[in-house]
Amino acid sequence: MMKPLKQLLSEGAHILAPGVYDSFSALIASQAGFSALYLSGASIAYTRLGRSDVGLTTYSEVAETLGRITERVDTPVIVDADTGFGNAVNVMRTVRGLERMGAAMIQLEDQGFPKRCGHLAGKTVVSQQEMCGKLKAALDARNSEDTLILARTDALAVEGWNAAVERAEAYLECGVDALFIEALRSAEELAKAAELFGRRIPLLANMVEGGMTPVSSAAELNDMGFRIVIFPGGAARAVGHCLQKFYETLGRDGSTAAMAGNMLDFNGINDVIGTPKLAEWARQYE
């Protein structure tokens with residue numbers, strides 16, 4: 001049985017959480033031995049909608065995806081809940097619903113609607129006062145303090161460094177369990193954020209390949225003072241690259257033979273998803 005995320009953080013663990021987007025990706029990530037997973041809202045948009053992360057994903061799609069993942073794996077899941085899908089009352093519904101579906105940590109951001117990927121241009125943010133109200137609603141709504149609330153601010157790209165720091169301080173004061181300053185633009189800003197907050201609360205670093213933040217290793221970020229490091233969309237981008245090659249090869253050759261070394265065969269995928277174990281269970285009830 002995996003340790004709860006709150007316990008891991010209280011013991012001083014450093015969390016490297018890969019992005020997942022469905023039960024299959026979560027199962028493979030869990031089998032790789034990660035101590036936590038990150039359910040990426042952007043990756044849900046990519047894979048379920050075939051669209052960009054521009055506020056099209058809904059609460060019900062996130063909740064359904066989370067429920068399927070936590071039914072399949074027991075690795076703690078950090079869930080990207082976007083803006084909470086509305087005002088403070090919507091946030092309360094979102095937190096209660098995602099907690100029922102097994103979320104270990106629920107991330108809420110201060111963007112306006114329609115929200116968008118934190119590394120896209122054109123973001124807006126709600127007032128600091130409104131976001132504090134939403135965070136307090138989230139904290140009040142959860143049934144258990146083992147369900148952690150992660151506050152994210154996108155103010156850096158909209159209002160600048162000082163505003164982002166002021167918001168992070170205000171969100172910390174609300175009583176959240178972790179902080180996330182999105183789209184830090186340099187190694188210097190990463191270091192400054194860690195110096196300001198890393199000793200006071202678990203601080204999250206977001207690594208987006210090709211995004212605003214320079215990609216560093218989890219070890220480097222841990223040394224700075226970040227306790228949680230996520231690579232949220234990397235899996236979806238890797239799968240997208242693989243699928244492009246697969247379909248191009250199949251269309252060109254009329255066969256998958258040239259891809260055999262880069263794919264699971266029938267027995268291989270059945271081993272991954274546990275078909276032999278499922279058959280064993282079925283025999284017990286014949």
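User: How do the residues lining the largest pocket divide into nonpolar, polar and charged?

Analyst: This is a predicted model, in which local features need pLDDT of at least 70 and side-chain atom pairs count only at pLDDT 80 or more, while totals for chains, interfaces and linings use all residues. Residues are numbered from 1 along each chain as its sequence is written, and side-chain values use heavy atoms, leaving out hydrogens and water. Counting Ala, Val, Leu, Ile, Met, Phe, Trp, Tyr, Cys and Pro as nonpolar, Asp, Glu, Lys and Arg as charged, and the others, Gly among them, as polar, the lining divides into 17 nonpolar, 3 polar and no charged.

User: Which element gives the most residues to that lining?

Analyst: A pocket is an open set of 1 Å grid points over the protein atoms alone where a 1.4 Å probe fits, with protein on both sides within 12 Å along at least five of seven lines, and lining residues have an atom within 4 Å of a point. Helices (H or I, at least four residues) and strands (E, at least two) are DSSP runs numbered from the N terminus. With 6 residues, the largest contribution to the lining comes from helix 11.

User: How are helix 2 and helix 12 oriented to each other?

Analyst: Their axes, lines fitted to C-alpha atoms over the stretch in contact, lie 10 Å apart at an angle of about 80 degrees, on a scale from 0 to 180 degrees between N-to-C directions. Contact (heavy atoms within 4.5 Å) joins F24, L27, I28 and Q31 of helix 2 to I269, V272 and I273 of helix 12. Because 65 to 115 degrees counts as roughly perpendicular, under 35 as roughly parallel, over 145 as roughly antiparallel and the rest as oblique, the two helices are roughly perpendicular.
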